[in-house]
Amino acid sequence: QGFDVGYMSAVDTRDASLTGDHAPVFNILRLQRDLGSTSRLGVAYTDKIDGDASNRVLSVAGRIVRGIASAQWQLAGSATQRDSSTVRAPLWNLSTTINGRRHYTRALFTAIGTGFDAQSGFISRAGIANLGITQRYTYLGKKGARFESISPEAMINGTWSGRKATLASTFRESVVMLARNNTRVAVATHQAGADGQSLSSE
């Protein structure tokens, strides 16, 4: 089986040009291939040409599933040229999940370089890194018991921004209980770290 191919090209008006002298040209190319019934590999390329200025992004991403375990990843790089200088920056994304009947674990790591620029796509905020971990275990009771399952869960999330990293953190604990009449009872606590705590990354 080969790759599925998608391609789109468009020309914008001169109002969207940096100088107003050119009509920016956009190109988007995407290749995707299934690896078995549940896994996938994809490659994407985008560019924006605006006279002598340009923005190009290349991305490779994949998804692998093996039983109750799965992993998704993405590696991308951008190159933005303007005024005879070129800024290059990376993007990384990795998430892994184990989703069993009793045990659930998810870990996510994302990092976007300060100069990463996707002018043919959407990046909400560059220059940040994020790490999140969720852990849950389900205790199964007997059928008809007062509580047929009890699922305590803990989640921690941290975000770093800038060279002298500004840290924002979140920690949450929760317990979900399923009663014999299918009533769900949830109890949760939430703690957020103070924004603006400076951590030196040097």
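Ser84 is placed in the loop between strand 5 and strand 6, where strands are DSSP runs of E with at least two residues, helices are runs of H or I with at least four, and both are numbered from the N terminus. The model is predicted: local features need pLDDT of at least 70, side-chain atom pairs count only at pLDDT 80 or more, and totals for chains, interfaces and linings use all residues. Residues are numbered from 1 along each chain as its sequence is written, and side-chain values use heavy atoms, with hydrogens and water left out. The secondary structure amounts to zero helices and 13 strands.

**Overall architecture**

- Along the sequence, the elements follow the pattern β-β-β-β-β-β-β-β-β-β-β-β-β.
- Of the 202 residues in the chain, 25% are buried; buried denotes under 20% relative accessible area, exposed over 50%, and partly exposed the range in between, with a 1.4 Å probe and protein chains only.
- Among contacts between residues at least 6 apart in sequence, 39% join residues at least 24 apart, a contact being heavy atoms within 4.5 Å.
- The chain exposes about 13200 Å², of which carbon and sulfur atoms supply 54%; accessible areas come from the Shrake-Rupley method with a 1.4 Å probe, and for residues only the protein chains shown count as cover.

- Ser84 has a phi near 65°, a positive value in a residue other than glycine.
- Ser84 is exposed, because its relative accessible area is 79%.
- Asp83 is also found in the loop between strand 5 (69-82) and strand 6 (85-99).
- Asp83 has a positive phi of about 55° although it is not a glycine.
- The relative accessibility of Asp83 is 69%, so this residue counts as exposed.

**Nonpolar surface and core**

- Ile64, Trp73, Leu75, Trp92, Leu94, Phe109, Leu131, Ile133, Ile156, Trp160 and Phe171 form a nonpolar surface patch of about 940 Å².
- Two or more residues of the nonpolar patch come from each of strand 5, strand 6, strand 8 (128-137) and strand 10 (147-161).
- Patches are made of residues with over 30% relative accessible area and no salt bridge; like charges are joined within 9 Å, and nonpolar side chains (Val, Leu, Ile, Met, Phe, Trp, Tyr) within 5 Å.
- Leu75, one of the patch residues, lies in strand 5 and is partly exposed at a relative accessible area of 42%.
- In soluble globular proteins, nonpolar side chains tend to be buried together.
- The largest nonpolar core has seven residues: Val57, Ala76, Ala89, Leu91, Ile112, Phe116 and Ala118.
- A nonpolar core is a set of buried Ala, Val, Leu, Ile, Met, Phe, Trp, Tyr and Cys residues joined through side-chain atoms within 4.5 Å.
- Not counting residues up to four places away in sequence, Ala89 touches Ala76, Gly77, Ser78, Gly113, Gly115 and Phe116.

**Salt bridges**

- The structure holds three salt bridges, each defined by a side-chain nitrogen of Lys or Arg within 4 Å of a carboxyl oxygen of Asp or Glu.
- Arg40 and Asp34 form a salt bridge through their side chains, at 3.6 Å from N to O.
- Arg40 is partly exposed at 36% relative accessibility, and Asp34 is partly exposed at 33%.
- Glu153 and Arg136 form a salt bridge through their side chains, at 2.9 Å from N to O.
- Glu153 lies in strand 10 and Arg136 in strand 8, so this pair ties together parts that are 17 residues apart in sequence.
- Glu153 is buried, with a relative accessible area of 15%, whereas Arg136 is partly exposed at 26% relative accessibility.
- Arg172 forms a salt bridge with Glu153, with the closest N and O atoms 3.1 Å apart.
- This pair links distant parts of the chain, with Arg172 in strand 11 (residues 164-179) and Glu153 in strand 10, 19 residues apart.
- Arg172 is partly exposed, with a relative accessible area of 29%.

**Loop between strand 8 and strand 9**

- Thr138 is found in the loop between strand 8 and strand 9 (139-140).
- Thr138 is buried, because its relative accessible area is 10%.
- The side chains of Thr138 and Ser151 make a polar contact at 2.9 Å.
- A polar contact is a pair of N or O atoms within 3.5 Å; within protein, one must be able to donate a hydrogen and the other to accept it, and residues adjacent in sequence count only if both atoms are side-chain atoms.
- Apart from its neighbours within four places in sequence, Thr138 is in contact with Arg101, Arg102, Ser149, Ile150 and Ser151.
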